[in-house]
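The sequence and the structure come first.

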Amino acid sequence: MNWTRGKIIGRGSTATVSAATLQESGETIAVKSADFHRSEFLQREAKILSSLNSPHVIGYRGYQITKESFNNYNGEATTYNLLMEYAPYGSLADVASKNGGSIDETRVVKYTRQILLGLEYVHNSMGIAHCDIKGSNVLVGENGEAKIADFGCAKRIEPEITEPVRGTPAFMAPEVARGERQGKESDIWAVGCTVIEMVTGSTPWSGADSNDPVSVLYRVGYLGESPELPCSLTEQAKDFLGKCLKKDAKERWTASQLLNHPFLITKPDNEPELVTGLVTNSPTSVTDQMLWRSVEEDRPSWW
Ligand code: ADP
Ligand code: MG
């Protein structure tokens, strides 16, 4: 498959994501790239993504290893590239920031339902926990539907922790903060945090006195604190978040149970998709001059 790299559309902790054009069809795809020697997690992500097939998970289009020369690099670099379906509206975090910071409740309900449909499939049909659900890892497809992406932290669901905890501290459940267990229940805690992020436009704990990662993990894991709920929420929304943010993972609702919660079933799902004005500069043009910045500059979002 031949493709031409376009402009950078995202830079995360481990890789750089560019738009790209398939030479034969002219179709736009997204390519997540990392220096081959630092691409262990990207390769693992590609393997997981290749096994998934759901309208609420970003589509896999293959992988390629390329040798490319970049403006700021003298010579050729070997690059591992994960090829994906392109999500023209970016992530939920991008949608919120382009929408003045937050997302309205009707759309929050729709995205939450779609995230849970994706998780129900990933958890129950595939036996995988995502382990890094948050606004910047959920993308919005061309029909305005939420699609789970960034499976770089995902792992097989096991009864006990078998590998180190990974993910983003502000979205971690108490049992994850204590290093005891990371599985489908902790993804549900992160869904609650993502709802808070969509409603407020800020990640949980960002208003706390001390929101450094160590302090947040201590407060969640050992002091039994939960992220603050926005006071603008309806009682139904608060009840829904209560089920996601149950401190005891065994009491936390599952994706299937939450899909039947009144917060998600009492509102119609037929509002216009991403009306003009919500997103100002999408789809992203891929004609801009190619840019490249080394993944060396990246700051890890987990520890
Ligand atoms: P990382 O593992 O480095 O966090 P992500 O896979 O989360 O990388 O991608 C980083 C950002 O790139 C996302 O938050 C989003 O803004 C953008 N992005 C990633 N994949 C796509 C895609 N398929 N379509 C459009 N934008 C994407
Ligand atoms: Mg990410």
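## Second largest pocket

A pocket here is an open set of grid points with protein on both sides within 12 Å along at least five of seven lines, and its lining residues have an atom within 4 Å of a point. The model to which this is applied is a predicted one.

The second largest pocket has 16 lining residues, and those nearest its centre are P204, W205, S206, G207 and E228. Its volume is about 230 Å³. Sorted by class, the lining of this pocket consists of seven nonpolar, six polar and three charged residues.

## Overall make-up

The protein chain contains nine helices and nine strands. Of its 303 residues, 50% are buried. Among contacts in the chain with a separation of 6 or more, 65% are between residues 24 or more positions apart.

## Magnesium site

Which protein atoms are the donors of the magnesium ion (ligand 2)? They are OD1 of N137 and OD of D150, lying 2.1 Å from the ion. N137 is in the loop between β6 (128-129) and β7 (138-140), while D150 is in the loop between β8 (146-148) and β9 (155-156), so the pair ties together parts that are 13 residues apart in sequence.

## Loop between β6 and β7

C131 is placed in the loop between β6 and β7. Its phi is near 70°, a positive value in a residue other than glycine. With a relative accessibility of 7%, C131 counts as buried.

K134 is also in the loop between β6 and β7. Despite its charged class, K134 is buried, with a relative accessible area of 12%. From the C-alpha atom of K134 to that of P227, a residue 93 positions away along the chain, the separation is 14 Å.

Helix α6 spans residues 213-221, and its buried residues include S215, V216, L217, R219, V220 and G221. The buried residues of α6 pack against α4 (174-177) and α5.

Helix α7 covers residues 235-244, with A237, F240, L241, K243 and C244 buried. These residues cover an arc of only 155° around the axis, which puts them on the same side of α7. An α-helix has 3.6 residues a turn, so residues three or four places apart point the same way. What do the buried residues of α7 pack against? Their partners are α3 (105-125), α5 (184-200), α8 (255-258) and α9 (262-265).

Key: Residues numbered from 1 in each chain as written. Chains lettered and ligands numbered in written order. Predicted model: local features only at pLDDT ≥ 70, side-chain atom pairs only at ≥ 80, totals over all residues. Heavy atoms only, no water. Donors = N, O, S within 2.8 Å, 3.2 Å for Na, K, Ca; no water. Helix = DSSP H or I, 4+ residues; strand = E, 2+ residues; numbered from the N terminus. 1 Å grid on protein atoms, 1.4 Å probe; cavity = no way out; pocket = protein on both sides within 12 Å on 5 of 7 lines; lining within 4 Å. Points joined across faces, edges and corners; volume = space filled by probe spheres on them. Buried < 20%, exposed > 50% of the residue type's maximum accessible area, 1.4 Å probe, protein only. Arc of directions from axis to C-beta. Contact = heavy atoms within 4.5 Å.
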